[in-house]
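This report describes the structure shown below in plain terms.

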Number of protein chains: 2
Amino acid sequence: MSEEVFESQLLQKIDMSDIKLPPNLVVRPLTIEDNENGFFELLAQLTKVGEISVEEFEARFNQMKNSKCYFVLVVADEEQNGKIIGTATLILEQKFIRQCALKGRVEEVVVDESARGTGLGKYLVLACTRLSKQLGVYKTTLECAPHNVKFYEKAGYSDAGEKYMQIRFLKALKIIKRCLKKTYFTDSK
Amino acid sequence: MSEEVFESQLLQKIDMSDIKLPPNLVVRPLTIEDNENGFFELLAQLTKVGEISVEEFEARFNQMKNSKCYFVLVVADEEQNGKIIGTATLILEQKFIRQCALKGRVEEVVVDESARGTGLGKYLVLACTRLSKQLGVYKTTLECAPHNVKFYEKAGYSDAGEKYMQIRFLKALKIIKRCLKKTYFTDSK
């Protein structure tokens, strides 16, 4: 069996019986072999991905797995040799507030162009949401483009009434990212 | 020396010389003894904290420390026996997108009532922001109340143009949080 980024038994604990998927689709944790199954090509439909070597992928995979806080879900299509046609990630954030609570974040939700409009995105968001509840978070949040608000409202989310602010370091990134990222996490495996 | 939630040398690598703090204030990582220095009382000025036992605090502290992704800054006032009068947390989020990038999140920014308006909040936000840049993130984000937008704009942040959505599980939390949180992280130390 392939190495998984989180224990697949956790998925069996959530009830998804209200949403049917075609029998050729399998929802499971990301595995360490999925870089060969179109995972990066799918992510590239969401944003920039770049060239990721096998070593870089496996290093990040292992960091995520060891942290126990990254629940990267993928949907594989068995009729297309296991090609990954959907993904979404639940991240657990640790807090001191609210009695040392956990908070969930849903990130990187993307469905392959060929499978949009089939309910797969909703399935992934609900799976992340129900998994976060199962794991005991006090709330789960996400950021989305304004035109996706209705989609997430149908999955139970509502506007939190807060502003989402950012600061970008793209220029600095080009200069320092590689060396710093690697040295910073080198001894964290 | 007290055990710190992250290596304090990292703070020495960022330049904060443009903002002066009174000489009685020390900015440093959270230590495992800080539950006795008013850390929870300060957090309670931000949101609900509840009763946290020493064991719960130390367990969360160690989880954060071991993950290497939680940079909890505190400001201690030496004229008040080291009482903590400010805190802010930078969290590193791991990505596959953007060439396995890191992303920063600024969370739990709070300054004691007695010290508001002194520039301490701005100092903490800039320290988190500069630390995130030093660690090689491609961007750093935060969520804030609409009336705090100008404060964060002065620190270099701008509206990301995305909606911040949430789903809350307070009722479920009361029932399942304790057992699930503890069993889930039990073997992660």
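B:Cys100 is buried, with a relative accessible area of 2%; buried means under 20% relative accessible area, exposed over 50% and partly exposed in between, with a 1.4 Å probe and protein chains only. The residue is in helix H4 of chain B, and its phi is near 55°, a positive value in a residue other than glycine. B:Gln99 is also found in helix H4 of chain B. B:Gln99 has a positive phi of about 60° although it is not a glycine, and it is partly exposed, with a relative accessible area of 26%. Helices (H or I, at least four residues) and strands (E, at least two) are DSSP runs, numbered from the N terminus.

This is a predicted model, in which local features need pLDDT of at least 70 and side-chain atom pairs count only at pLDDT 80 or more, while totals for chains, interfaces and linings use all residues. Residues are numbered from 1 along each chain as its sequence is written, chains are lettered from A and ligands numbered from 1 in the order in which they are written, and side-chain values use heavy atoms, with hydrogens and water left out.

**The two chains**

The same surface serves both copies, as 100% of the contact residues of chain B recur in chain A; contact means heavy atoms within 4.5 Å.

Chain B gives 83 residues to the contact and chain A gives 83 residues. About 8100 Å² is buried between chain B and chain A, and carbon and sulfur atoms give 59% of this area. Buried area is the accessible area (1.4 Å probe) that two parts lose on being put together, summed over both. In chain B, the residues that lose the most area to chain A are B:Phe96, B:Tyr164 and B:Met165, together 12% of what that side buries.

**The sheets**

Strands of a sheet pair through backbone hydrogen bonds, either parallel or antiparallel. Here two strands pair if DSSP finds at least two bridges between them.

One open sheet has seven strands in the order E1(B)-E2(B)-E3(B)-E4(B)-E5(B)-E7(A)-E6(B), with mixed pairing. Strand E1 (25-29) and strand E6 (158-159) of chain B stand at the edges with a single partner strand each, so one side of each is left without a neighbour in the sheet. Within this sheet, strand E2 (residues 70-77) and strand E3 (residues 83-94) of chain B run antiparallel and are joined by eight bridges. B:Val75 has B:Gly86 in E3(B) as its bridge partner.

Another open sheet of seven strands, also mixed in pairing, has the order E1(A)-E2(A)-E3(A)-E4(A)-E5(A)-E7(B)-E6(A). Its edge strands are E1 and strand E6 (158-159) of chain A, each pairing on one side only. Five bridges pair E1(A) with strand E2 (residues 70-77) of chain A in the antiparallel sense. The bridge partner of A:Val26 in E2(A) is A:Ala76.

H5(A) lies across E1, E2, strand E3 (83-94), E4 and strand E5 (139-144) of chain A together with strand E7 (163-168) of chain B. H5(A) runs at about 25° to E3(A); axes are lines fitted to C-alpha atoms, for helices over the stretch in contact, and angles run from 0 to 180 degrees between N-to-C directions.

**Charged pairs**

How many salt bridges are there over all chains? The count comes to 24, where a salt bridge is a side-chain nitrogen of Lys or Arg within 4 Å of a carboxyl oxygen of Asp or Glu. Between chain B and chain A the count is 10 salt bridges. The table gives some of the pairs.

| Lys or Arg | Asp or Glu | Closest N and O atoms |
|---|---|---|
| A:Arg130 | A:Asp18 | 2.9 Å |
| B:Lys95 | A:Glu107 | 2.7 Å |
| B:Lys65 | B:Glu3 | 3.1 Å |
| B:Lys163 | A:Asp159 | 3.5 Å |

In the pair of A:Glu107 and B:Lys95, which crosses between chains, A:Glu107 is in strand E4 (residues 102-111) of chain A and B:Lys95 is in the loop between E3 and helix H4 (97-100) of chain B. A:Glu107 counts as buried at 7% relative accessibility, and B:Lys95 is buried with a relative accessible area of 1%.
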